[in-house]
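Please keep the sequence and the coordinates at hand while reading.

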Amino acid sequence: MSADHLKALLSKQELFPILGENSKNYRYLSLDLSTENEDLSKVDVSSSNALEGYIWSQLKAKQAHAAYGGYLERRGIYNRSTYFNQSDPKTERNIHLGIDIWIEAETPIYLPLQGELHSFKNNTNFGDYGPTIVVKHTIEGFEFYTLYGHLSLESLKDKRVGETLAKGQEIGTLGAADVNGDYPPHLHFQVILDLQGFKGDYPGVSNTMDLEFYKANCPNPIYLAPFLKE
């Protein structure tokens with residue numbers, strides 16, 4: 001299944017807002033965390049506290065409930081972690097493959113579509129996802145996956161692989177920096193066509209060398225989150 005085919009299938013679906021029914025009326029901020037954002041040169045992005053202060057100041061200035069963005073964004077915030085940072089620019093993983101939704105810790109996260117719990121895991125590398133859930137979806141016989149990263153530890157409790165998950169069901173809540181890989185609270189939301197055998201995990205950041213593959217395998221998640229707009 002191609003990204004275009006998935007987009008066509010999703011256009012026929014009635015989707016549930018990832019932040020809940022009330023979030024349809026939220027004011028959102030499109031947030032730029034790319035290396036091209038000159039404002040970030042004044043922020044110590046290696047510090048989750050400093051980055052959080054910057055994000056919340058942007059939200060306050062725009063009187064927004066949440067910020068979002070980051071698909072295929074080249075970022076400098078991964079340089080602090082040896083899990084992402086490599087000496088060769090071609091293999092340095094710094095291109096983001098999902099959408100981030102920045103909002104307070106403990107915010108509930110809901111499924112946009114019915115699915116099946118594929119896997120879950122606490123990815124504890126510094127700068128990694130922390131608690132993560134992967135859901136398998138099937139539409140008209142075609143399978144794809146959604147990944148929810150940077151959740152709370154409580155989100156993994158009582159989960160059972162293979163269980164059916166209803167559209168609009170709460171999948172978990174957002175974690176704070178001490179459990180989510182050391183980031184300001186946010187959801188990493190990613191769509192994956194071929195999970196390639198991963199369980200409770202999948203690369204959320206690409207290097208330049210592999211980008212074309214990941215662009216094809218991880219289409220823009222905004223098609224599953226149409227309520228995210230300024």
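How many residues lie between E7 and E8 in their hairpin, and which residue in the turn has a positive phi?

## Strand E7 and its two partners

The model discussed here is predicted. In the hairpin that E7 and E8 form, two residues lie between the strands, and Glu140 in the turn has a positive phi of about 50°. The pairing of E7 with E8 is antiparallel and extends over seven bridges, and within it Val135 stands opposite Thr146 of E8.

E7 also pairs with strand E6, which spans residues 115-123; these strands run antiparallel and are joined by seven bridges, with Pro131 in E7 as the bridge partner of Asn122. The hairpin of E6 and E7 has six residues between its strands, and there Gly127 takes a positive phi near 85°. E7 itself is mostly covered, since eight of its 10 residues are buried.

## Nonpolar cores

The largest nonpolar core holds 33 residues, of which Ile109, Phe144, Tyr148, Ile171, Leu187 and Leu224 touch the most other members. Two or more residues of this core come from each of helix H1 (3-10), E2, strand E4 (99-102), strand E7 (130-139), strand E8 (142-149) and strand E11 (186-192).

For Ile171, residues up to four places away in sequence being left out, the residues touched are Ile109, Tyr110, Leu111, Ile133, Val135, Tyr148, Ser155, Lys159 and Leu165. Val135, which is on this list, is the residue that stands opposite Thr146 in E8.

## Aromatic rings

A pair of aromatic rings is described by the distance of the centres and the angle of the planes. The count of aromatic pairs comes to seven. One of them is formed by Tyr26 and Tyr28, whose ring centres are 6.0 Å apart and whose planes meet at 45°, so this pair is tilted. Tyr26 is partly exposed, with a relative accessible area of 26%, whereas Tyr28 is buried, at 5%.

For Tyr202 and Tyr214 the ring centres are 6.1 Å apart and the planes stand at 75°, and the pair is therefore edge-to-face. This pair links distant parts of the chain, with Tyr202 in the loop between E11 and strand E12 (205-206) and Tyr214 in helix H3 (residues 211-217), 12 residues apart. Tyr202 counts as buried, with a relative accessibility of 1%, and Tyr214 is likewise buried, with a relative accessible area of 14%. These two tyrosines belong to one aromatic cluster that is formed by Phe198, Tyr202, Phe213 and Tyr214.

Is Gly69 buried or exposed? Its relative accessible area is 12%, and because buried means under 20%, Gly69 is classed as buried.

Which residues are in contact with Gly69, leaving aside its neighbours within four places in sequence? The contacts are with Leu31, Arg75, Gly98, Ile99 and Asp100. Asp158, by contrast, is 89 residues from Gly69 along the chain, and the C-alpha atoms of these two residues are separated by 31 Å.

Note on methods: Residues numbered from 1 in each chain as written. Predicted model: local features only at pLDDT ≥ 70, side-chain atom pairs only at ≥ 80, totals over all residues. Heavy atoms only, no water. Buried < 20%, exposed > 50% of the residue type's maximum accessible area, 1.4 Å probe, protein only. Contact = heavy atoms within 4.5 Å. Core = buried A, V, L, I, M, F, W, Y, C linked by side-chain atoms within 4.5 Å. Helix = DSSP H or I, 4+ residues; strand = E, 2+ residues; numbered from the N terminus. Phe/Tyr/Trp six-rings, centres within 6.5 Å; stacked < 30°, edge-to-face > 60°. Pairing = 2+ DSSP bridges.
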